[in-house]
Amino acid sequence: MTNGPPPPSSDVTVSDVQGTGATSPLEGQAVVVSGVVTGDFQEDDGDTRRNLRGFYIQGAPDGNPGTSDGVFIFDGSNPSVDVSVGDAVEVSGSVEEYFGETQVQASSVRITGTASITPVPLRLPAPGTTLNSDGQPVADLERYEGMLIELSDTLTVTDLWTLERFGEVMLAAGGRAYQFTNDNRPDAAGYAAHRDRVARRTILLDDGLRIENPSDIQYLNAGDAPGFSIRLGDTLDGLIGNLRYSRGAGGRGPEDWRLEPTADPVFRNTNPRPGRPAIEGSLRVGTFNVLNFFTTIDQGQDTCGPGGDAGCRGADSNAEFARQREKTVTALLESGADILGLTELQNNRDASLRVLVDAMNAREGGNDFAWIDTGTIHTDVIKAGIIYRRSAVTPVGHFVLLDHSVDSRYNDARNRPSLAQAFASNANGARLSVVVSHLKSKGSSCETDGDPNTGDGQGNCNLTRVNAAVALADWIETDPTGSGDSDYLLIGDFNAYFLEDPIEAFRNAGLVDLLAASPTPYSYVFQGKSGAYDYAFATASLAQQVRGTLEWHINVDEPPVLDYNLEYGRDPALFDPDTPYRAADHDPIIVGLDLAN
C-alpha cells in the first residue's frame, strides 16, 4: 500500500478553493474543480504574448462577497490540453500557494463545453490594505484574486522602473502619486496613513510573461499617438484582465496585485514629451544631476575617488560611455542654459567636465563653452561642477567652497561641498553668484551621527541636510565669492521633498523658492511616488530679476529602458542620442533671468 494525496472531491467550487483568507483552506489537497476559462496564459500555444504556464478559470458566484470565484490553473510548459477563453473545463489537481497566489496544479484538464463570463467591475481605491511579505502595504483585493475584472477608473502611470526587467507598469486611480512630504509637513502618523492611501489606489499592469528582460517590451509604444513612448502621467481606461497576486517574472519582482490583461491596452498620451524649454529672460541658468557621469569605465574595480580606492559608477563599457556622453550633451545643449550647475560628476580633477565641454563645443562647432577649473574637490567619489558659455558670461574672481572648515554645521563627510562662482553678464556687466549643492541622500543612514530616521516621511539624514541648508543660507549672506553683489542663486540636488525641513530652512532664511509657483513640483520618482528633489533658490534682490523657472520634465517621466545602459540584452536601437529624453534620473531646473546693474 502506498501513501498519496486524498482522493479528489467532485463538489469543490472555485470559491471553496479560494476561501476567505490569503491562503486556501484546501492547500495541499487534491481537488476536482470546474469553471470557464477567462484568461489563456498557457505556454507552447499560438500566443507568445501571454505565457504564465497556465490559465484562469471562473466558477459560478457563491454569493459570498468575501470569497473569490476565480483561480489560476497551473499546467506547466507543455500542457496536454490547449484551452481557449470561453471553454468550460473540469480540472483535477492539487491546491498550492505560489508567492501568495492560490493555484490548482493540474494533473488533468477536460474541456466540457463553452460559456462566457462577464468581467466583474472593480473600483479603486480598495477599502483597505494588507502587508506583503516585504512589509510593504498593498491594496486588499483578496476577494477578487484570479477573477476576470474590469477596472472602470481612469488609471495613471506612476512608475516605469521595472518595465524593462519585469514588464510592469505601476498604475494608480485618482491621478499621479506624490511623496507625502511633497504636499504635507513631516508627520509619522500622516506618513503611515499616506502610504496606505497610495497603496489602496495602486495596481501593477503586468505583461503576462514569466521571464525577465523580455525582448518584446510590451507597453513601451502602446499608445494612441504617433511616435508614442509611454511616460509617467499617461492614462488608460477600461482595463480588463485577470487579477493576480504574485511577484513578477518567476518570483523575483515586487510582491503586489497585478492585472494580467486579456487584450492589449492602449494608453492615452496625456503627458506628452516637452520640447526645448520655453522661458523668458536674456540669461539662463540650469541645474542638472547627470547620473554619475564618470570617465572611468565601471568594471567593478575600486579605483575611483581622489584616493583611488572607491567604487566606480556610471558606464560599464566604452559603448555605454559614448551613449551617456552623447545623450547628456544633447540635454545640456537643448536646455539653452548659459550657466550649468552639475551634480554627480566623477571627482577626477576635471576630466569629467573636460569631456562634456569638449563634446559640447564639437557639437556646436566652436569653443564657446568652458568650465570652472576646481580640480579635485575633497574626498567624495562625486562632486559638483559648473559649465558656462563664454559669449554670455565671464567668471569673476575664483571659485569658493562651503565645507566643514568654513562652517562646522556643514558636514562634508555626508554632504558634498557646495561650489560657488561669481559671473558677470557680458551684456551689461551685472553680476550673479551661482552656488551648486548636492546634499546628503536618503539612501543610507546617519544614525551614528545622532541623526536617525524618525519615520515622519523625511527618511534618513534629515538633520544633516537641515544643518547644511542653514549653513548655506548664512554663508551666502557673507558674499563668499566677493562679488560685491547680493544676487545669489542656489541650485542643485537637495535630496529633500518640497515641504521637508531643509527646504523650509531655506525659505525661513528669506530665500525665494523659485518652484513655489508650481502647483505640484517634482523632479524625481521613487517607488511610484513623485516629488521635488532639485531646486533653485534666489536671494531677495535676485528674485526681482527672475523672469521664469521651469521644471524640464525630460527624464523622470521616461522609462529607464531608454537610457544609455546596455545590460540584460537591451536592444541598442531603443536609444536615441539626438533627443534629451532619459538623459538622467532627475529632471533639470531652468531659470530665466534679466540681470540688472
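Predicted model: local features only at pLDDT ≥ 70, side-chain atom pairs only at ≥ 80, totals over all residues.

Student: OK, how many helices and strands does the protein have?

Tutor: Nine helices and 29 strands. Both are DSSP runs numbered from the N terminus: helices are H or I with at least four residues, strands are E with at least two.

Student: What share of the residues counts as buried?

Tutor: 58% of the 597 residues. Buried means under 20% relative accessible area, exposed is over 50%, and partly exposed is in between, using a 1.4 Å probe and protein chains only.

Student: Switching to strands: which ones make up the closed barrel?

Tutor: Five strands, in the order β1-β2-β3-β5-β4, with mixed pairing. Two strands pair if DSSP finds at least two bridges between them. From one strand to the next, the twist averages 55 degrees. Angles here run from 0 to 180 degrees between N-to-C directions, with axes being lines fitted to C-alpha atoms, for helices over the stretch in contact.

Student: How do β4 and β5 run, parallel or antiparallel?

Tutor: Antiparallel, with twelve bridges joining β4 (residues 87–98) to β5 (residues 101–114). To find one of them, look at V91, whose bridge partner in β5 is V109.

Student: What's in the loop between β4 and β5?

Tutor: F99 is there. F99 has a positive phi of about 50 degrees although it is not a glycine. With a relative accessible area of 34%, F99 is partly exposed.

Student: Where does E344 sit, and is it buried or exposed?

Tutor: E344 is in strand β17, and at 12% relative accessibility it counts as buried. E344 has a positive phi too, of about 65 degrees, and is not a glycine.

Student: Which peptide bond is cis?

Tutor: The one from L124 to P125, with omega near 10 degrees. P125 lies in the loop between β6 (120–122) and β7 (129–131).

Student: On to charges. How many salt bridges are there?

Tutor: The whole structure has 37, counting a side-chain nitrogen of Lys or Arg within 4 Å of a carboxyl oxygen of Asp or Glu.

Student: What does R49 pair with?

Tutor: D216, with the closest N and O atoms 3.5 Å apart. R49 is in the loop between β1 (30–41) and β2 (54–58) and D216 in the loop between β12 (202–205) and β13 (235–236), so the pair ties together parts 167 residues apart in sequence. R49 is partly exposed at 26% relative accessibility, and D216 is partly exposed at 38%.

Student: And R389 with D338, are they buried or exposed?

Tutor: Both are buried. Their closest N and O atoms are 3.8 Å apart in a salt bridge. R389 is in strand β19 (residues 382–389) and D338 is in the loop between α5 (318–334) and β17 (339–346), 51 residues apart.

Student: What about K442 and E500?

Tutor: Their side chains meet in a salt bridge at 2.8 Å, N to O, and K442 and E500 are buried. Salt bridges that share partners also join D47, R49, R50, D216 and D264 into one network.

Student: Last topic: which residues form the aromatic cluster?

Tutor: F494, F506, Y535 and F537 form one. The structure holds 16 aromatic pairs. Rings of Phe, Tyr and Trp (its six-membered ring) pair if their centres lie within 6.5 Å; planes under 30 degrees apart count as stacked, over 60 as edge-to-face and the rest as tilted.

Student: Which charge sits over the ring of Y522?

Tutor: That's the charged end of R176, 3.9 Å from the ring centre. The cut-off is NZ of Lys or CZ of Arg within 6 Å of the ring centre and within 35 degrees of the ring normal. K327 lies over the face of F575, at 5.1 Å from the ring centre.

Key:
Residues numbered from 1 in each chain as written. Heavy atoms only, no water.
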